[in-house]
Amino acid sequence: MLKQQALEVIYQSISEQGILASSEKRDNYARVWSRDSMMTGITGILIQNQTIIDGLEKSILTLAQYQAENGQIPSNVYGEKASYGTLVGRTDATIWWIIAACEYIEHCKNNLLKDKIQHNIYNALSCLKTWEFNQRGLLYSPLGGNWADEYVTSGYVLYDNVLRYWALKNAAKVYDDSDLAMQAAATKKLIENNFRKNSSLETKYHETAYQKASEKPYLWASLNANGYDERFDLAGNALAVLLGFDFNMEAFTHFLEQLNSEFKHWMLPVFYPIIFPQDPDWKLLENNYSYQFKNKPYHFHNGGSWPIYLGWLCLGLKKRGFDEIPLKILNQYENLLKEKGASFKEYYSTDQLQPLGTDKLCFSASGYLLMTI
């Protein structure tokens, strides 16, 4: 029943241009958003749902049509208008497009599309290369430069760089490109060498900051010129687990259990610890929004729980042989959908477990479907 409801949310969001973030006409959600449509489309591939897969193809072509001269893929497209970000550009929009386009080509064996968008994919990869800024291998994102566009992470962000690895790996496979395969391997090594304490003797991106950073059971959220943000980024870590990064999985799953004990539920926060008004980082939060301030403690990016990233976490954990926590997360989410409405809201507050944000979000419907795989 819930699975069918999740599929209906996605079906209602498929337009002639592609998969909309939501069928709800609220703010700017009824648009073909790169990250939303691509994640939904990949979910469609994983569950082998042809209707969603067809919607993904439309999304890929729509976004490619509005690719900027520098190779940047739009954050979203609405009618004949494309947005590349308002206050700042969105680095992850371009990366998710590459990932999903390659996943679609590989799944459908669509050589026609493979040839048609080859230039677009390589142009997008070239754009990502320029965003290193220092030619040292890691992508640099501005404040507000990815899905967590009203949050505080910036610089060499774990999430964006893990995604870039996935994009390079996928493109290398689709186009049988050994240079891209080497770049992918180098990117993975850079992340493993710089986002956790390790025994590697290789030079660190920021030796001084690395020496001062504390050991965590997860990969740190970001690195900037002024040091590390050691927060837990659930999305970045979930994708790193999924993609086979070197982890101490026992320590990582123990940390997830600790979060469950602290919050007393399995709708884990997307960033942790929570930022409160008395904290220094609050100043980075309070003015960073477009429509209204959403990042109160335990809300939105500031410790809210996002089913889409819990879905990727469940998928990654199961791929690594850890089935217990994914089942607990799925049961928690199903209970909330039954008790508080199965409209697949954007996120849940982690203090009161209130469903909040936009209704009928493909992100959340996809997150549920990923949990069930």
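Visitor: In which loop is Lys-109 found?

Guide: In this predicted model, Lys-109 sits in the loop between helix 4 (91-108) and helix 5 (111-116).

Visitor: What is the phi of Lys-109 near?

Guide: As a general idea, most residues other than glycine have a negative phi, and most peptide bonds are trans. Lys-109 has a positive phi, near 50 degrees, and is exposed, with a relative accessible area of 57%. Lys-360 also takes a positive phi, of about 50 degrees, although it is not a glycine. Lys-360 belongs to the loop between strand 9 (355-356) and helix 15 (362-372) and is partly exposed, at 31% relative accessibility.

Visitor: Which peptide bond is cis?

Guide: The bond from Tyr-272 to Pro-273 is cis, with omega near 5 degrees. Pro-273 lies in the loop between strand 7 and helix 12 (282-285).

Visitor: Which residues of helix 11 are buried?

Guide: An α-helix has 3.6 residues a turn, so residues three or four places apart point the same way. In helix 11 (residues 249-263), the buried residues include Phe-252, Phe-255, Leu-256, Leu-259 and Phe-263. Viewed down the axis of helix 11, its buried residues fall within an arc of 150 degrees, so they line one face of the helix. On the other side, Glu-250 and Ser-261 are exposed.

Visitor: What do the buried residues of helix 11 pack against?

Guide: Their partners include strand 6 (227-233), helix 10 (234-242) and helix 14 (324-340).

Visitor: What is found at the start of helix 11?

Guide: There, a side-chain oxygen of Asn-248 comes to within 3.3 Å of the backbone nitrogen of Glu-250. Just after helix 11, Lys-264 has a positive phi of about 65 degrees.

How values were computed
Residues are numbered from 1 along each chain as its sequence is written. This is a predicted model: local features need pLDDT of at least 70, side-chain atom pairs count only at pLDDT 80 or more; totals for chains, interfaces and linings use all residues. Side-chain values use heavy atoms; hydrogens and water are left out. Helices (H or I, at least four residues) and strands (E, at least two) are DSSP runs, numbered from the N terminus. The expected span of a helix is 1.5 Å times one less than its number of residues. Buried means under 20% relative accessible area, exposed over 50%, partly exposed in between (1.4 Å probe, protein chains only). The arc is that of the directions from the helix axis to the C-beta atoms. Contact means heavy atoms within 4.5 Å. A polar contact is a pair of N or O atoms within 3.5 Å; within protein, one must be able to donate a hydrogen and the other to accept it, and residues adjacent in sequence count only if both atoms are side-chain atoms.
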